[in-house]
Amino acid sequence: MYPPPRKDFIALTLSDPHSHSYNNGKHRRQSCWRKWKQLSRLQRSLILFLLALLLILVLVSYPSITEQWRGLSEKEDWLELKDRGLHMVPPGLNPVLRPPEGNAPASVAGPHLEPAEDPQDLMEPRGPHIPVLARPPTKRKPFSNKRPPPGSQKDGNVSDTVSDPKQNHEVVREEAGEEEKEEKKKIVSWRGAMIEAELATEPPPSANEKEAVEPRAPANPAATVPQQATDRLEAVRDAFKHAWKAYKEYAWGHDELKPISKSFSEWFGLGLTLIDSLDTMWILGLKEEFAEARSWVEKELSFDKNVDVNLFETTIRILGGLLSCYHLTGDQLFLDKAQDLGSRLMPAFKTPSKIPFSDVNIGKGTAHPPRWTSDSTLAEVTSIQLEFRELSHLTQDPQYQDAANEVMRLVHKLPGKHDGLVPMFINTNSGQFSHKGVFTLGARADSYYEYLLKQWIQGGKTEDE
């Protein structure tokens, strides 16, 4: 066998030191396009998005940049015009502010004026088309304390003249009067924005001006405030009447209105919304609506129903609403209804621990805990004391107050509190807190803290337990 043939070759690179480097522009363009094609679609899309975003930012910022450039050009033109107009001097004044070049005059101070400012400070340009508000006068000047118009001091301080002081004052006042007429309604702020004269601020008046100018009183102060109060009252009344009209049309005598479906829903079937709104209608002065609701309470409201009600909700809404109406109107009807309801709620307190059940059947006279637990919520058993104590006060029957006060006495003695906070649940059989360590200021406990203060106020601020 013969070995495979070898392929020998020689690589030779020739270069000319005098020749220029080879540059193939077309090849480079093709190479860039090839690299662009090698990028993934996501990368190319991201690059195009960034370029488009940059273009949008440039277009958005272009107007502000052009305005700045325009402002700079206007400022240069204004400076040029200002330099040309520095030789203008009002008649009657000696041109002391324009000294010969190289000679700066000494500042001159009048007998009652502060030393004059430097002429260069007075001739300093301020900005394009922006008149400068004159500086406030010094305390020793005999002029008024009001700020002069913008052009009254642009050519220098009056004390810098050599002429007669009286003549100078007259000239300055004449110029101030002319320019004040021109700029009476407009004042230019330091930013160049036009401000109405009524909104411009002025320095506080002097003691003499306070004596001369009395404060302007409203045209009829006795009528403005009552008118505003009347408008507010009418707005509240209209809002209530709007809601009451819908309740009367779609849910009259039922617990709740469902405004979207224009129907009603029942919770206890005792007219919760109607009874809860009685005192509001009386306070708003809606006597016609109140009379219709009272007629329903007298003829339709009956607690002799085989229905389970929540002790807490029924107490604060129905019992409390009836007691409030009795206090506002003195109508015995509401007190009689309240006493009837209070008596039907008393079976809730017939527990081994005296801690009431959460639910009561007001028709059968039975009570029970909720179906999902044997505990009662702390807020439910400690937020009924105001109504039961008030019912005993009005009827002279102590059973309601004794039952409610016993609940508070037991809760105050229980352990498990933490810095005044109490757990959320309490067992009706043992009378002890359950779910210890669970504290809240929200639902199921919030009204306990609320009623602590209210009971203290109701008892004449003497119950310190």
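Biologist: In which helix does Phe49 lie?

Modeller: Phe49 lies in helix 2, residues 41-84; helices are DSSP runs of H or I with at least four residues, numbered from the N terminus. This is a predicted model, in which local features need pLDDT of at least 70, side-chain atom pairs count only at pLDDT 80 or more, and totals for chains, interfaces and linings use all residues. Residues are numbered from 1 along each chain as its sequence is written, and side-chain values use heavy atoms, with hydrogens and water left out.

Biologist: What makes Asp276 and Arg317 a salt bridge?

Modeller: The definition asks for a side-chain nitrogen of Lys or Arg within 4 Å of a carboxyl oxygen of Asp or Glu. The N to O distance here is 3.4 Å, so the pair qualifies. The whole structure holds nine salt bridges.

Biologist: Why is this pair said to tie parts together?

Modeller: Asp276 belongs to helix 7 (residues 272-276) and Arg317 to helix 10 (residues 311-329), so the bridge links parts 41 residues apart in sequence.

Biologist: Which residues of helix 14 meet helix 15?

Modeller: Met408, Val411 and His412 of helix 14 meet Tyr448, Leu452 and Gln455 of helix 15, where contact means heavy atoms within 4.5 Å.

Methods
Helices (H or I, at least four residues) and strands (E, at least two) are DSSP runs, numbered from the N terminus.
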